[in-house]
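My notes follow in the order in which I took them.

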Amino acid sequence: MKYVIVIADGMADEPVDEIDGQTPVMVAKTPNMDFIAKNGYTGYAKNVPDGMTPGSDVANTSIMGFDPSMLKGRGPLEAPSVGVDLKEGEVAFRLNFINVKDGKINNSNAQHITTPEAEELIKALNDQFGDIGKFYAGVSYRNLFVIDDLETEDLQNTPPHDVVGGDVEEYLLKGNPEKADKLNQLMYDSQKVLENHPVNQKRVAEGKLPANMIWLWGQGAKPVIGNFPEKYDMTGATITGVDLLKGISNYIDLDVIEVPGATAYFDTNYQNKVDYALESLKTHDVQFIHVEAPDEAGHEGNLPEKIRAIENIDSIILQTLFDKLPEIDEEYTIAVLPDHPTPVNIKTHTMTPVPFAIYSTSIKEPDDTQSYTEDMSQGKYGTITGHTLLCEMIKISKE
């Protein structure tokens, strides 16, 4: 039996007036998702425990089969993917390159600054502020800052994508005044280095937003989550373009499959993702395929791109899986779900449990759900705790 979990990041949504009160999932052409829902079992997954922030770190740790309650931030989860092995006492912050205008957070990702551009800016930050901590380049606007100061772990922080349009001063780090003031000053001082950097001068000349400030958030020390092969007695692998997911996979001993063209944006190479997943399934029992594009569209409030991303997941990834999986193993189980909703009208994550659907060659009598939407009220499961999803898939396969 092979198990595949397709994570359509941020896919779930809320009614949108522009499409007559429907959601992007409802208007997108999704025959394969509908097939899974109609011929399988459905329900809702509560991936974010009460009291936790609905971030991708929490939600995806749940989907990968572990209770996320021990997590403190996404910074340390991204560290392994950029080659950082956090030492005792070190704290990793997620570092966004952002655009600030008139004292407000104008754009949370510097208009998707390219990775080569970000690498140049990271080098300049290390040259100027290397005595405070170490800066590491990631992918695009997603980078890392590591400081040897465990007391910074508990500072209150705000993800920049949650407060676009808000005053910078209002959402700076809070808590221990000495520690917060030091890092807040670092963020302010970064503007002096970034504004006149050749990378940003070139961006401005090209009509693009400059990455004129850093934003530190999502910090934490090295976490202890668990071991996937030991817990499930199976081998597993992850395909994603996002460092966060690679980091989580590293900590729980899932193999990370690097895929050419996996950009974590609208232009990600869907076909390569599924082709590499099928090859991986020849040597692994469980394959996670993560697609970031619906989430990015949600954050941008970009309805057409969100619909297109959902349709690409269906027509390319799911269709290829159904076409090719039987050649690898006659018995297989596929689940599809978002990690959390990212509604286009809200432009940030919500706590709402997400719809999931599971199809398995073992299922003989599907439930009453007829199509994949945010309405799974006719499903078999009701609402499950997110980190039990894989366990339910395993139970199905043994029916």
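I looked up the largest cavity, and its volume comes to about 40 Å³. On a 1 Å grid over the protein atoms alone, a cavity is a set of points where a 1.4 Å probe fits but cannot get out, while a pocket is an open set with protein on both sides within 12 Å along at least five of seven lines; lining residues have an atom within 4 Å of a point. Grid points are joined across faces, edges and corners, and a volume is the space filled by probe spheres set on the points. By this rule I count one cavity of 30 Å³ or more. The lining of the largest cavity includes Ala45, Lys46, Asn47 and Val48, and also Asp339, His340 and Pro341. Thr350, Met351, Thr352, Pro353 and Val354 line the largest cavity as well. I sorted this lining by class: six nonpolar, four polar and two charged residues. Here Ala, Val, Leu, Ile, Met, Phe, Trp, Tyr, Cys and Pro count as nonpolar, Asp, Glu, Lys and Arg as charged, and the others, Gly among them, as polar.

A note on the source: this is a predicted model, in which local features need pLDDT of at least 70 and side-chain atom pairs count only at pLDDT 80 or more, whereas totals for chains, interfaces and linings use all residues. Residues are numbered from 1 along each chain as its sequence is written, and side-chain values use heavy atoms, with hydrogens and water left out.

Next I went to the pockets. The largest pocket has a volume of about 440 Å³, and 25 residues line it, with Ser108, Asn109, His161, Val164 and His299 nearest its centre. Which element gives the largest share of that lining? Helix H11 does, with four residues. S3, strand S4 (104-107) and H11 (293-300) each supply at least two residues. Helices (H or I, at least four residues) and strands (E, at least two) are DSSP runs, numbered from the N terminus. By class, the lining of the largest pocket has four nonpolar, 12 polar and nine charged residues.

The second largest pocket has a volume of about 370 Å³. Of its 18 lining residues, Thr53, Asp57, Lys72, Asn157 and Pro159 lie nearest the centre. Helix H3 (56-63) and strand S7 (213-220) are the elements that give two or more residues to this lining. Its classes are six nonpolar, eight polar and four charged.

I then followed S7 into its strand pairing. Six bridges join S7 to S3, and the two run antiparallel; two strands pair if DSSP finds at least two bridges between them. Phenylalanine 97 has isoleucine 214 in S7 as its bridge partner.

Strand S3 (residues 91-101) also pairs with S6, in the antiparallel sense over six bridges, and leucine 95 stands opposite asparagine 143 in S6. In strand S6 (residues 142-147), six of six residues are buried. Arg142, Leu144 and Val146 point one way from S6, and Asn143, Phe145 and Ile147 the other way. S5 and S6 form a hairpin with two residues between them, and serine 140 in the turn has a positive phi of about 55 degrees.

Elsewhere I traced an open sheet of eight strands with mixed pairing, in the order S9-S8-S10-S1-S11-S12-S2-S13. Strand S9 (255-256) and S13 stand at the edges with a single partner strand each, so one side of each lacks a neighbour in the sheet. S2 and S12 run antiparallel and are joined by five bridges, with glycine 43 opposite phenylalanine 356 in S12.

Last, two helices. Why is helix H13 (residues 389-397) largely enclosed by the rest of the structure? Seven of its nine residues are buried, so the rest of the structure largely encloses H13. Those buried residues pack against elements including strand S1 (2-8), strand S2 (41-46) and helix H8 (228-232).

In helix H7 (residues 198-205), Val199, Asn200 and Arg203 are buried. Seen down the axis of H7, its buried residues fall within an arc of 90 degrees (taken from the directions from the helix axis to the C-beta atoms), so they line one face of the helix. On the other side of H7, Pro198, Lys202, Val204 and Ala205 are exposed.

Definitions and conventions
Buried < 20%, exposed > 50% of the residue type's maximum accessible area, 1.4 Å probe, protein only. Contact = heavy atoms within 4.5 Å.
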